[in-house]
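Visitor: I would like to learn how to read a fold from its model. Please take me through it one feature at a time.

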Amino acid sequence: MSVIVSIVSHNHGVLISDLLKDISKCTNIAKIIITFNVPEQTIHIPFSLNNKIIKVFNEKPKGFSSNHNYVFNKYCDTEYFLVLNPDIRFSHDPIPLLINTFKRDSCMICAPRVINTVGTIEDNARYFPKPLTL
C-alpha cells in the first residue's frame with residue numbers, strides 16, 4: 001500500500017530536512033509533496049527521496065487546510081494520505097502500523113501517539129469542537 005505525504009513549510013526548511021531523513025527510512029511512501037507557504041532557503045533532500053519529492057510554491061500564504069486539501073485533490077492517487085507537521089520526528093517507520101490500523105479497525109482517520117523529547121505522552125488528542133464546548 002502506498003502513501004502520499006503532505007508537508008507544509010512556513011520557513012521550516014531545517015525541520016523538514018530532519019524529517020526527510022526519518023522519512024527516507026520509511027516504506028510505502030509513493031510521493032512527498034512539500035508546499036512552501038512562504039519564500040525560503042532550499043531544504044536538504046536525502047538522495048533516496050529525490051524521485052519522490054514534489055515541490056509546490058504558493059504565490060501567497062494559505063491556511064493549513066487549504067494547503068493540504070490542494071495537495072490531496074491534485075496529487076493523491078493512493079488509498080492513503082498522510083499529513084505531517086514539519087516539527088515531528090520518527091523513531092521508527094510508523095506507516096505499516098498506521099495502514100494496519102485502517103485495515104483492521106475500518107477507521108477513516110487515525111494518528112500516532114505523540115511522545116515529547118523527555119519521553120512522555122503529549123496531551124494532543126481533542127474532540128472536534130462544538131459551539132457549546134468552545
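Guide: Start with pairing: two strands pair if DSSP finds at least two bridges between them. Helices (H or I, at least four residues) and strands (E, at least two) are DSSP runs, numbered from the N terminus. Here, 5 bridges join strand β1 (residues 3–9) to β4, and the two run parallel. Val 3 has Tyr 80 in β4 as its bridge partner.

Visitor: What kind of model is this, and how are residues numbered?

Guide: This is a predicted model: local features need pLDDT of at least 70, side-chain atom pairs count only at pLDDT 80 or more, and totals for chains, interfaces and linings use all residues. Residues are numbered from 1 along each chain as its sequence is written, and side-chain values use heavy atoms, with hydrogens and water left out.

Visitor: Which elements does the protein chain have, and in what order do they run?

Guide: The protein chain has 3 helices and 4 strands. From the N terminus, the run is β-α-β-β-α-β-α.

Visitor: What is the strand order in the sheet?

Guide: Strands of a sheet pair through backbone hydrogen bonds, either parallel or antiparallel. This open sheet of 4 strands has the order β3-β2-β1-β4, and its pairing is parallel. β3 (53–57) and β4 are the edge strands, each pairing on one side only. From one strand to the next, the twist averages 20°. Angles run from 0 to 180 degrees between N-to-C directions, and axes are lines fitted to C-alpha atoms, for helices over the stretch in contact.

Visitor: How many bridges pair β2 with β3?

Guide: Strand β2 (residues 29–36) pairs with β3 over 5 bridges, in the parallel sense. Phe 36 stands opposite Phe 57 in β3.

Visitor: Which residues of α1 are buried?

Guide: Buried means under 20% relative accessible area, exposed over 50%, partly exposed in between (1.4 Å probe, protein chains only). In α1 the buried residues are Gly 13, Ile 16, Ser 17, Leu 19, Leu 20, Asp 22 and Ile 23. They pack against β1, β2, β3 and β4.

Visitor: Is Ser 17 buried or exposed, and what is it in contact with?

Guide: Ser 17 lies in helix α1 (residues 13–23). Its relative accessible area is 11%, so Ser 17 is buried. Leaving aside neighbours within four places in sequence, Ser 17 is in contact with Ile 43 and His 44.

Visitor: Where do the buried residues of α2 fall, seen down its axis?

Guide: Asn 67, His 68, Val 71 and Tyr 75 are buried in α2. Seen down the axis, they fall within an arc of 90°, so they line one face of the helix. The arc is that of the directions from the helix axis to the C-beta atoms. β1, β2, β3 and β4 are among what covers these residues.

Visitor: Which residues of β4 are on its covered face?

Guide: In strand β4 (residues 80–84), Tyr 80, Leu 82 and Leu 84 form the covered face. Phe 81 and Val 83 form the uncovered one.

Visitor: What share of the protein chain counts as buried?

Guide: Of its 134 residues, 33% count as buried.

How values were computed: Contact means heavy atoms within 4.5 Å.
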